[in-house]
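Open the structure in your viewer and keep the selection tool at hand. The tour goes from one selection to the next.

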Amino acid sequence: MLVQAILKSKATGGVETVSPSITVSEASKILADKRIGTVVVSEDGGETATGILSERDIVRELAASGSGCLNQPVSAYMTSDLVTAKQQDSVQDIMSQMTEGRFRHMPVVEDGKLIGIVTLGDVVKAQLAELAMEKDALEGMIMGH
């Protein structure tokens with residue numbers, strides 16, 4: 001299965017992006033209101049990905065420096081060395097990258113443009129669906145269908 005299949009199966013809400021200059025507090029509110037785990041940071045309103053800020057990033061900084069970080073721009077705490085996927089990447093490859101890198105969200109970028117985001121939950125769901133189809137096919141073969 002490929003990343004493009006995951007993107008097609010997801011709701012068409014798009015990727016939640018924020019400006020690098022908004023505060024961590026504002027980004028936290030977006031995460032809570034939208035019930036999402038990460039925002040992509042974009043300097044141009046969503047065309048390209050500059051960085052990514054997750055709930056984990058915020059919690060780690062709160063623990064390290066206290067609530068003062070909430071008034072700082074997201075650019076101070078975002079991950080700017082992005083690991084991205086392409087639509088033609090296999091689900092197994094990106095699952096390996098996410099597991100090894102210990103992150104749960106991966107922007108999908110084609111020709112420098114942000115086109116989506118996949119989560120570890122999306123990848124697991126896709127893997128389970130693929131396993132269910134294989135199981136059904138094998139059972140059909142065994143039963144002579």
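Two strands count as paired if DSSP finds at least two bridges between them. The model you are looking at is predicted.

Select β4 (105–110) to begin. β4 is mostly covered, with five of its six residues buried.

Next, go to the turn. β4 and β5 form a hairpin with two residues between them. Aspartate 111 sits in this turn and has a positive phi of about 50 degrees. Most residues other than glycine have a negative phi.

Where is arginine 102 placed? Select it in the loop between α4 (91–101) and β4. Phi of arginine 102 is near 60 degrees, a positive value in a residue that is not glycine. Arginine 102 has a relative accessible area of 70%, over the 50% cut-off, so it is exposed.

Move to arginine 35, in the loop between α2 (24–34) and β2 (38–41). Arginine 35 is not a glycine, yet its phi is positive, about 55 degrees. Is arginine 35 buried or exposed? Its relative accessible area is 78%, so arginine 35 is exposed.

Last, select Val124, Leu128 and Leu131, which make a nonpolar surface patch of about 270 Å². Valine 124 lies in helix α5, residues 120–143. With a relative accessible area of 36%, valine 124 is partly exposed.

Notes
Residues numbered from 1 in each chain as written. Predicted model: local features only at pLDDT ≥ 70, side-chain atom pairs only at ≥ 80, totals over all residues. Heavy atoms only, no water. Helix = DSSP H or I, 4+ residues; strand = E, 2+ residues; numbered from the N terminus. Buried < 20%, exposed > 50% of the residue type's maximum accessible area, 1.4 Å probe, protein only. Patch = residues over 30% accessible without salt bridge, like charges linked within 9 Å, V, L, I, M, F, W, Y side chains within 5 Å. Areas by Shrake-Rupley, 256 points an atom, 1.4 Å probe, with all protein chains shown as cover. Salt bridge = Lys/Arg side-chain N within 4 Å of Asp/Glu carboxyl O.
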